Amino acid sequence: MNISELYTFYFPEDIVEIWKNAGFHELLPIQKEAIEKGLFKGQNLLVVAPTSSGKTFIGEMAAIQYSYINKKSIYLVPFKAVADEKYEEFKDKYNNLGINIRISDGDHREDDEDIRVGNYHIAVMTYEKLSGMLIANPSLLNNCDCVIVDEVQMMSDPQRGGNLELLLTKMKESYKKTQIIALSAVLDSLNGFDKWLEAEVIKVNQRPVELRQGVLFTNGKFEYKEWNTSLIGDEQINATNLYDLIQYLLDSKEQIVIIKNSVPSTQELARELSHHFSSLPAASKVIGHLREEPETEIRDELLVTLRSSIAFHNADCDINERRLVESGFREGHIKILVSTTTLSMGVNLPCKTVILADHQKWDATGGAPVKVNWSVGEVRNIFGRAGRFGKANDFGRGIFLARNSVEREFIKRTYLNAPLEDFASALEDRDISLRVLDVVASGYGNNENNIADFIFKSYAALTWDNDNARQHILNHIKRGIDTCLTYGLFELSNQGKITITELGKVCASMGCSIDSFSLLVEHIQSKTQLNDLELIFLLSRTEEVNEKFYRIRWDNIDLKQKIQNRLVVEHADGIMTGLYLSEYEKFELMGRPLTKSLCTSFSMVLLVKDILYSENDLSAIRKAFGFSTASIRNVTLNISWMLDVIYQISNVIKPQFTNEIERLNKCIASRATLRSYFLNTLSKYLTREEKIRILNSGIVSLDDFVEKDSSEFQGIINPTKVDKIIEFINDKRDRNSQFWEKDHIRRIEKLALDSSLIKNIYSELGLQFEYRLCELFNVNFIDCTVDRIAEQSKGEPDLLMCLNTGHKYTIQVTAKEDKNKYIDSKKAGDVIPQSARLDPDGYICIGRPDFQELAIDQASHLGKKHNFKLVPLYALVELYVRVEEGELSSNDVTKFIVESKGYLNISAIDKFFKYNQ
């Protein structure tokens, strides 16, 4: 099927041209079959095929088709690295066409609000991120038309499979029948999964490019079995070890991927190879780009290995380091890449030969890491990266190395000639009681019976085929309900109805243990104000933070001595407070050395303190503690996750804490000073050190940044970054502004109402803008009258609002002609001193398009002190539209205006009505 035939499915010419330019001229049989079986008709599909067979493009076509009819798709992937690659790929291809691409995973949270309100065409997300967002926003799937689930065979994974299975069960049972396109590696038997998913099956075992999987023995023979034909053969390679094999492949002008079983071993092998193959040319282009990145040990080590066009790729690399390595390999600058198994799950780095250098992997599910066999499915997925379509038209190789006949037989029997593992559910017994909270929080059950009904709709339930098995599961469900009631996550009525509490929703959506959650709730309830360092100490005591593996030796004598010396100074300076202080004094009184657990906690507090309050660069902080950059990143990201939990808890029981916690969280996550808070959205472009230099140059807002010429940043940041940053700021602002304007016009016209007022209010300036606002207020979506202040003294506010409740507010109105310029803090706060003559009950500033970070920050303080409200125009119009749609009444909006303070955006609206229903 020629790709031009996609015109018959209403794909526009510019999209088809993009695909042609990417090398797609003929659709592969698997893609044609997907179309014939209902890809563009909403039919659920299960596509089972080997790597490089073209299945990913099936999901991509569906997502683009939905985008052109203004419908939404979620593209689910298992790992952050894969999400990042897919997002960048889609953005590069489609962003200029107006297709709105968003991303949400553990590294990217900036688009979460846009995804929640539907401001996207395609959202790339990890499994866990969508799961958490669905609990917090159960209606999310009702606004989504298609979910593409990549690597769905992960449902059999013991650690993550249960979560994915529950997610798929929710999709199946959602009010809106969302199309599910599940993409899987080769499975031996579906075991009823296709019928459970209600999906048409497209199953292909053949690869477009033949793959030879085998073992290289000491006689220099590569003994293999072909994927497509199952033929047994051999190839004389004349190599007896890894180094000889690599030289042979290099002589054949090949690039090579080597898979190792741990992060440290990838770096160790890359170092060794760079010494051995030091005559290889430098990957100069990659080195040049990498020098512009923040100084980390990973960067420095890559700079060394890249001198021999060798690199490594693992979880310790940060996003930009991974991107540079991936693009360097794709462009042919990197000849040898040593990686962990991340590359086997969707990261597209095509090459002819993949070497699996370890015969076993590390497994830490039982506690201490132990070596276990790879699964057959894992090995096939790893080798599936070889001989990618379009890169080699003969064959690919997947190679094990054997040092003796025992190893050769082990590899053949265990991996090469063994059948694939059966596809099976990983929703184990121990998960069932924990999943009860998730089920109730997502709105799929409100008593013991219908909670059980939902769990019995899971794929796992196909195996619970006798009374004993069913009773066993019911006992787990009952145990889960009792636990949630004990901790206040559920409430039980006299009629037996179970209701999720607001705190229960938070616990379910954030994925932390119930014990840790209870500890954090107790702390927030007991506080009238927060102390940053005490809060970090508390978080460091939770199992989610304290017991994680960071590759740091917390019991190291030198580290303990450093920490004890710092603690003495901190205590003498009176910096400690609360739990942080009491635990230190208890430890000091005992006169014993620091335990490993306490050393972990105190180290984390001191590390965070240096990050937030010092202007030391990250290199100096790293050296002071003796931690690697990757370890610091992992520590701060885990603390950030638990700060998210604290933020959500505070939202429910102490909303006055949320702004402080949010600021703290964003700075810790990006390892930035508190002073540079407003620059955190630019962390993709700016290092910690660059943010500090920007602050010290006098820039205090993003608008200050936008208004400067790139030459003015000489000596502050790399001038080549400036244009990219300004483009990013303007693009994000423009996309948000356009979304709300178009969305409001669309919704009003859908109600068969005149949209001219909305169109005018989004475009007019000066007096005309004031008049339009008066018109809007006086269509009775708020119980008030609003008039221009006729006899204004110079500098006085523009409008006066008189509510039916008797409250009186002065309103300052301001609109920027340039939609990419935001309103500053001075303009936003002027309404307070300017209103002295009018003696109002409160103050409102309405602005278009939105307000700068410092203005938003200031609004929180002014709200408490002066009953001040900072309202972006789109939020005001949203209230009006919701009244017209019947979702809110004018009385609801009046109550919101009277009782709310600070920055009132869409999130503030949703939060208010969520807790005031």
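Helix 37 covers residues 873-885, so 13 residues in this predicted model. From first C-alpha to last, helix 37 reaches 18 Å, close to the 18 Å expected at 1.5 Å a residue. Eleven of those 13 residues are buried, so helix 37 is largely enclosed by the rest of the structure. The buried set includes charged side chains, Glu878 and Arg882, along with Tyr874 and Tyr880. It also takes in Leu873, Ala875, Leu876, Val877, Leu879, Val881 and Val883. After the helix comes glycine 886, with a positive phi near 85 degrees.

Next, a helix pair. How do helix 19 and helix 27 lie relative to each other? Helix 19 is residues 502-510 and helix 27 is residues 629-653; their axes come within 9 Å and cross at roughly 165 degrees. The cut-off for roughly antiparallel is over 145 degrees, and the two helices are therefore roughly antiparallel to each other. The crossing is right-handed.

On the helix 19 side, the contact is made by Glu502, Leu503, Val506 and Met510. Facing them in helix 27 are Trp641, Asp644, Val645, Gln648, Ile649, Val652 and Ile653. By type, the residues of this contact divide into eight nonpolar, one polar and two charged.

Serine 442 sits in the loop between helix 16, residues 429-441, and helix 17, residues 448-455. Is serine 442 buried or exposed? Its relative accessible area is 7%, and the cut-off for buried is under 20%, so serine 442 counts as buried. Leaving out residues up to four places away in sequence, serine 442 touches Ile135, Pro138 and Lys170.

Methods: Residues are numbered from 1 along each chain as its sequence is written. This is a predicted model: local features need pLDDT of at least 70, side-chain atom pairs count only at pLDDT 80 or more; totals for chains, interfaces and linings use all residues. Side-chain values use heavy atoms; hydrogens and water are left out. Axes are lines fitted to C-alpha atoms, for helices over the stretch in contact, and angles run from 0 to 180 degrees between N-to-C directions. Helices (H or I, at least four residues) and strands (E, at least two) are DSSP runs, numbered from the N terminus. Angles under 35 degrees count as roughly parallel, over 145 as roughly antiparallel, 65 to 115 as roughly perpendicular and the rest as oblique. A crossing is left-handed if the near helix is turned anticlockwise from the far one by less than a right angle, and right-handed if clockwise. Contact means heavy atoms within 4.5 Å. The expected span of a helix is 1.5 Å times one less than its number of residues. Buried means under 20% relative accessible area, exposed over 50%, partly exposed in between (1.4 Å probe, protein chains only).
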